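Colleague: I have a structure open and would like to learn how to read its features. Could you walk me through them, one at a time?

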Amino acid sequence: RGSCVFAQTSVMRAGTSRDTRQQSRLLRGNKDGFEICTINHKKGGELRLDATVTYDDASHESIVMAHPHEDYDHDLWFQAYTPAQEDGCYISSPAGVLNADGTWDEKTVCWWHMSDGAVLGVHDGMIIEYDASTLAPLGMVVSKDELAGRKVAVIDAALNPPCDGAECDVPKEQALVLYDDGDEGVTVVQPNEMTPRSPEITRDYPQV
């Protein structure tokens, strides 16, 4: 139709849900477009209409978000920042301590690329990972409690071999570390080897 609409879907089970919700997402097509719904497994499979996408023509669509529902009658909303080119928040050369001039708090907004192409950023006092191509938020990497009052640094991994000429064009391995001034403990944030875009946190890593 000359146009694309992206929607994030998921399935939550009891063993993985941090907010106690057990839900699945359902995309239901119709002659005018499609609907995005939520199936609430804790309420016997109750269906909730979340968004309606209607195609106006071959290149345009109309989207109605957050249809009225009792599930929305609360103020526990999280608004995710989405990076954008030329937004003034990009750190072009992330190396060494990124917040040397002070600690990051809930008002800090910035983002950067790691050497492997991963996109990380700070918003609402947390470190968030973003999709490398769309810059859409993927999930939290470091929570508010873990980030509060700590320094954040991007360092080259010690396993990077010496290079010469064209060999130096290969991206170096990097690590994101968190530490406190005067404290020997360091938190290393690194990709999980089984799922490369899922962060794994190693706590209390000895500083060397």
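Modeller: Happy to. Let us begin with Glu35, which touches Leu26, Leu27, Arg28, Asn30, Leu49, Ala51 and Thr52, leaving aside residues up to four places away in sequence. Contact here means heavy atoms within 4.5 Å. Before we go on, this is a predicted model, in which local features need pLDDT of at least 70 and side-chain atom pairs count only at pLDDT 80 or more, while totals for chains, interfaces and linings use all residues. Residues are numbered from 1 along each chain as its sequence is written, and side-chain values use heavy atoms, with hydrogens and water left out.

Colleague: Which strand does Glu35 lie in, and is Glu35 buried or exposed?

Modeller: Helices (H or I, at least four residues) and strands (E, at least two) are DSSP runs, numbered from the N terminus. Glu35 lies in strand E2, residues 33–40. For burial, we call a residue buried under 20% relative accessible area, exposed over 50%, and partly exposed in between, using a 1.4 Å probe and protein chains only. Glu35 has a relative accessible area of 17%, so it is buried.

Colleague: How does E2 pair, and with which strand?

Modeller: Strands of a sheet pair through backbone hydrogen bonds, either parallel or antiparallel. Two strands count as paired if DSSP finds at least two bridges between them. Here E2 and strand E3 (residues 46–55) run antiparallel and are joined by eight bridges.

Colleague: Which strands make up the open sheet, and in what order?

Modeller: The open sheet of four strands has the order E6-E7-E8-E9, with antiparallel pairing. Its edge strands are E6 and E9, each pairing on one side only. From one strand to the next the twist averages 30°, where axes are lines fitted to C-alpha atoms, for helices over the stretch in contact, and angles run from 0 to 180 degrees between N-to-C directions. Within the sheet, E8 and E9 pair over four bridges, and Ile127 has Val142 in E9 as its bridge partner.

Colleague: Ile127 brings me to packing. Which residues touch the most other members of the largest nonpolar core?

Modeller: A nonpolar core is a set of buried Ala, Val, Leu, Ile, Met, Phe, Trp, Tyr and Cys residues joined through side-chain atoms within 4.5 Å. The largest one has 17 residues, and those touching the most other members are Trp104, Trp112, Ile127, Leu147, Val152 and Leu176. Two or more residues each come from strand E6 (110–113), E7, strand E9 (137–142), E10 and E11. Take Trp112: its contacts include Tyr90, Pro94, Trp104, Val122, Val154 and Leu176. Another core, of eight residues, lies apart from the largest one and includes Tyr81, Cys89, Met126 and Ile128.

Colleague: How many salt bridges does the structure hold?

Modeller: A salt bridge is a side-chain nitrogen of Lys or Arg within 4 Å of a carboxyl oxygen of Asp or Glu. The structure holds six. In one of them, Asp50 and Arg48 have their closest N and O atoms 2.6 Å apart. Asp50 is buried at 11% relative accessible area, and Arg48 is buried at 10%.

Another joins Lys144 and Asp124, at 3.5 Å from N to O. This pair links distant parts of the chain, 20 residues apart: Lys144 is in helix H1 (residues 144–147), and Asp124 is in the loop between strand E7 (119–123) and strand E8 (126–130). Lys144 is partly exposed at 33% relative accessibility. Arg150 and Asp180 also meet in a salt bridge, at 3.4 Å from N to O. Arg150 is buried at 13%, whereas Asp180 is partly exposed at 25%. Through shared partners, salt bridges join Glu106, Asp124 and Lys144 into one network.

Colleague: What is phi at Asp124?

Modeller: Phi of Asp124 is near 55°, a positive value in a residue other than glycine. Glu86, also not a glycine, has a positive phi of about 65°. Glu86 is exposed, at 79% relative accessible area.

Colleague: Last one: how many disulfides are there?

Modeller: A disulfide is a pair of cysteine sulfur atoms within 2.5 Å, and the count comes to zero. For Cys110, the nearest cysteine sulfur is that of Cys89, 7.6 Å away.
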